[in-house]
Amino acid sequence: MKDSKKMFILMEGILAALVILLVMVMFWGRNGEEREKVSVIIQNADDSQWSAFKYGLRMAAQDQDIEMFVVSTGKVLTAEEEKEVIEREMKQGADAVIVHLIPGDGTESMLKRLKKRIPVMLIESSVSTGGASAHFPVTKTDQYAMGAALADALLQDYSGKLEGKKLGILSESGESWKVSQREKGLSEALGEQDVKVLWSVGSRYMEEEEAFVEALPKVDLVIALDDHSLTLAGKVAAANNLHGALVYGIGHSTEAVYYLDTDIVRCLVVPDMFELGYQSLTELSKSLRSFFYAPQEQTVPYMILRREELFSKENQEILYTMNQ
Amino acid sequence: MIMLAFSLISFLIMLILGIGMYVRFSAASRQEIVQSTQKLMEQTGENLEDYLVGMRQISDAVYYNVIKENDFSGQDKEIQQGMNLLYEANRDNLRSIAVYNNYGSLMAAEPVASQKEDPNVTRQDWYEQAVGEMENMHFSTPHIQNLFDDEAFRYYWVISLSRVVELTDHGVPQFGVLLVDMDYSSISRMMKQINASNNGQYYYLCDSNGEIIYHTRQIQISHGIFDENSKNAAAYKDGVYEEVFEGERRKVIVNTISYTGWKLVGVIPYSVFTHGMFNIRYFIVLLMLLMAMMLGVVNRIVSVRISRPILKLNASVMEYEAGEQPEIYIGGSMEIRHLGDSIQRSYEQIDLLMRKIVMEQNERRKSELDALQSQINPHFLYNALDSITWMIEGERSEEAVFMISQLAKLFRISLAKGRTVITVKEELQHAQSYMNIQKVRYKNLFSVEFDVEPEICSCCMVKLVLQPLLENAINYGVNGMEDCGKIRVTGRQEEGTIILSVTDNGIGMSEEEVRFLLTDSNRIPKHGSGVGLVNVNNRIQILFGKEYGLRIASEPDEGTTVSIHVPLVPYTEENRKSLEKGYRFGVDTKETTEEEQQKK
């Protein structure tokens with residue numbers, strides 16, 4: 001009789017424990033529906049050069065069921081301002097951040113502090129200006145390879161004979177690591193070609209930048225190593241103020257494509273910004289969902305666009321992402 | 001056990017019920033989801049058809065009302081005006097309207113925009129399709145419009161509706177191609193609306209070849225991140241299909257859009273059904289657990305109600321078997337009450353029978369005792385009368401008188417009002433009388449000494465047990481010894497036992513003789529009646545049990561000690577009666593008391 005009573009109490013106890021457990025699971029499941037929040041901090045976020053990237057982020061957020069928010073930033077963002085934005089986003093409950101880092105003093109230590117608290121993914125950037133970002137996961141394109149691809153396109157157009165050609169290199173001054181890698185790739189691919197780099201200038205959102213470019217000495221070829229420089233060169237060339245120089249460059253905005261379409265730019269190397277956005281967020285989401293997963297470095301592809309095949313099926317997809 | 005069995009059966013029934021409920025419910029829910037998806041798709045299909053019909057109507061209107069009615073050479077204003085009217089009326093859904101001649105030259109366009117330098121119109125898909133099948137209108141898949149220059153740097157994603165038209169230029173009829181570029185965002189908007197839910201279910205649009213027109217993961221598909229089974233879906237007729245794609249089981253609902261042959265495809269992965277059922281599953285499990293708890297309680301109550309009377313009955317029977325005499329439990333249901341009642345009556349009958357057997361045994365023992373008692377009296381009487389006869393013959397009248405008076409005392413005690421149990425004191429008195437008689441008879445050839453603890457004098461003793469021992473001590477111990485025979489009678493208590501010993505300093509016996517003395521009843525005595533020691537031993541054991549009786553210790557030429565061992569029982573009338581009835585003191589007392597109570 002006592003045994004049966006004990007068994008009854010035990011059985012009821014187990015059932016009650018299961019009921020409590022189930023209610024807790026149900027309750028937890030209901031609360032657990034809250035999605036992770038990821039903030040994306042990029043300079044000049046509203047600029048069309050980020051369209052494909054933001055579309056990639058949106059698609060990844062949809063696929064991974066993550067709440068993604070691109071922070072609206074000014075056209076020019078200093079390292080200090082960027083730090084403030086990151087801190088503010090963290091305070092506002094961001095579970096992770098994707099940052100297009102602007103190098104500056106204390107950036108590395110700030111990132112280290114940040115990384116201890118939430119997962120961080122850098123895009124197209126490096127912590128130190130030298131490019132050593134071993135401690136931080138980065139999603140990027142192969143900057144060196146893009147520079148080299150640009151040189152290859154140049155060589156292809158001139159049947160490998162660039163002797164006596166004068167080159168001007170236009171780049172964003174604030175993106176020294178990225179630009180230096182691209183420039184390195186370009187110069188190494190050009191190899192022993194007898195080309196003369198007449199000027200190599202930075203053009204980061206300076207006042208009267210168009211006039212500045214116009215005033216540069218005449219060259220045969222202008223190589224724009226980033227989207228901003230390329231659209232600037234395209235704009236100047238469209239106004240016939242580039243002294244007849246042909247423009248080659250790296251870019252990812254519809255403006256850049258437009259200048260290619262209108263034959264102002266001869267060749268365009270386009271980093272897959274959709275993939276950049278998609279992969280960076282997807283990789284970060286893995287880290288958010290698994291405590292033990294550390295986000296890995298991702299390299300995204302790039303394309304070489306020529307006017308002739310600009311509207312091929314594959315390239316139309318790129319244009320589609322840029323138009324979003 | 002009853003509860004366990006009940007609970008197990010209940011739980012199994014509940015489990016089957018729960019699973020059945022879940023299966024039924026999930027099937028109904030699945031059906032419901034599929035039906036609602038079908039309805040939504042039908043509605044969206046109708047909207048798409050309306051939209052496409054609208055586009056065709058625009059194309060018709062441009063063709064029949066504008067192009068056919070006017071000559072491009074002289075009525076270009078009218079043409080532009082007509083096209084503008086139609087464009088403005090549908091600008092939300094239109095990107096452009098354009099007419100090209102058979103060389104691919106732009107004849108008219110709305111909105112007015114500068115054409116790109118060399119768009120190579122005749123090589124574009126929509127133009128080739130129109131020229132390829134001149135009698136039909138053709139809807140292209142979405143593409144970038146590559147015709148007009150847009151200084152806002154935008155590239156529009158459009159679906160082209162193209163057809164061959166007959167146009168007149170300078171009075172010469174020729175064929176041309178009318179292009180109506182529909183804004184992709186209109187279709188995209190419609191599709192986005194139905195793809196708003198984020199539960200895994202989605203809808204896409206493809207053409208009859210499986211080329212994607214709209215998909216929520218369009219770019220992921222082109223990038224190879226995601227894959228879609230659109231080629232197969234394009235081959236399906238309208239209906240609901242089940243397929244496994246990339247390891248995922250899913251339902252596919254296909255709805256064909258009229259005229260275009262486009263397929264609106266709804267995809268419901270099975271995980272959607274499961275996801276929808278997740279809370280239901282929890283709820284059913286919770287319900288089952290609560291029901292199991294409740295059933296456990298109910299089963300417990302029911303089983304206790306059934307088993308408690310049985311257990312109580314069992315407990316009372318076990319108590320009874322353990323020697324106690326509880327009331328047999330009679331309670332619970334009618335059957336169990338009947339069972340208890342039967343057991344109770346059985347036990348009562350057994351008790352009755354047992355008492356009867358005990359009584360019969362007691363009676364038999366008493367009869368045996370009486371028979372043994374009756375063996376002594378004639379034996380002694382014979383000896384005493386022999387002595388008196390001898391005295392009278394020798395004219396020793398005083399001694400004879402003493403003898404007779406002692407004999408009278410002896411018989412008074414012997415008779416003892418028919419009692420079998422007397423006090424130790426009376427037994428000693430009887431022994432003294434006997435020894436006085438014997439001393440006279442044996443002319444004081446031996447001496448007798450009594451050394452008895454006074455405490456035991458008031459205890460119970462079997463009548464006439466010392467006398468045979470004394471008789472043996474005289475006959476076998478001191479008889480024949482010249483004036484030095486000594487008989488010593490001692491009495492003491494030792495651990496609840498009274499020990500009365502008769503010790504002589506006679507010739508004694510060998511160990512073997514001692515061993516056979518009490519066991520060999522066929523032994524022929526040398527002196528006396530021959531009933532002495534065995535008789536006494538039996539009488540003691542009948543009254544007090546086998547652990548009591550005589551103990552004999554003897555050494556040849558040293559003497560013999562015969563001890564009587566009986567329990568220390570205070571002499572009361574009650575104890576005496578009990579012993580005489582055969583109830584052993586300390587063992588059968590309770591039975592005696594109860595029996596007496598019953599008699600009372």
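The model is a predicted one.

Helix 5 covers residues 143-157 of chain A, and helix 6 covers residues 176-190. Two packed helices are described by the angle between their axes and the distance between the axes. Here the angle is about 40° and the axes lie 6 Å apart. Helix 5 and helix 6 of chain A are therefore oblique to each other. On the helix 5 side, the residues making the contact include A:Y144, A:M146, A:L150 and A:D152. Helix 6 contributes, among others, A:R182, A:G185, A:L186 and A:L190.

## The chain as a whole

Chain A holds 11 helices and 12 strands. It has 324 residues, and 45% of them are buried. Take the contacts in chain A with a separation of 6 or more. Residues 24 or more positions apart account for 72% of these.

Strand 3 of chain A spans residues 96-99, and both of its faces are covered. A:A96 and A:I98 are buried on one side. A:V97 and A:V99 are buried on the other.

Which strands pair with strand 3 of chain A? One is strand 1, residues 37-41, which pairs with strand 3 in the parallel sense over four bridges. Within this pairing, A:V40 has A:I98 as its bridge partner. Another is strand 4, residues 120-123, which runs parallel to strand 3 and is joined to it by three bridges. There, A:V97 stands opposite A:V120. Between strand 3 and strand 4 of chain A, the chain passes through helix 4, residues 107-117. This β-α-β crossover is right-handed.

## A closer look at A:D227

A:D227 is found in helix 8 of chain A, which covers residues 227-238. Is A:D227 buried or exposed? The cut-off for a buried residue is 20 or more other C-beta atoms within 10 Å. A:D227 has 24 within that distance, so A:D227 is buried.

Leaving aside residues up to four places away in sequence, A:D227 touches A:Q49, A:G251, A:H252, A:S253 and A:A256. A:L268 lies 41 residues from A:D227 along the chain, and the C-alpha atoms of the two are separated by 9.8 Å.

Terms used
Residues are numbered from 1 along each chain as its sequence is written. Chains are lettered from A and ligands numbered from 1 in the order in which they are written. This is a predicted model: local features need pLDDT of at least 70, side-chain atom pairs count only at pLDDT 80 or more; totals for chains, interfaces and linings use all residues. A residue is buried if 20 or more other C-beta atoms lie within 10 Å of its own, exposed if 12 or fewer, and partly exposed in between; C-beta atoms are placed from the backbone. Helices (H or I, at least four residues) and strands (E, at least two) are DSSP runs, numbered from the N terminus. Two strands pair if DSSP finds at least two bridges between them. A crossover is right-handed if, with the strands pointing away from the viewer, the path from the first strand over the helix to the second runs clockwise. Two residues are in contact if their C-beta atoms, placed from the backbone, lie within 7 Å. Axes are lines fitted to C-alpha atoms, for helices over the stretch in contact, and angles run from 0 to 180 degrees between N-to-C directions. Angles under 35 degrees count as roughly parallel, over 145 as roughly antiparallel, 65 to 115 as roughly perpendicular and the rest as oblique.
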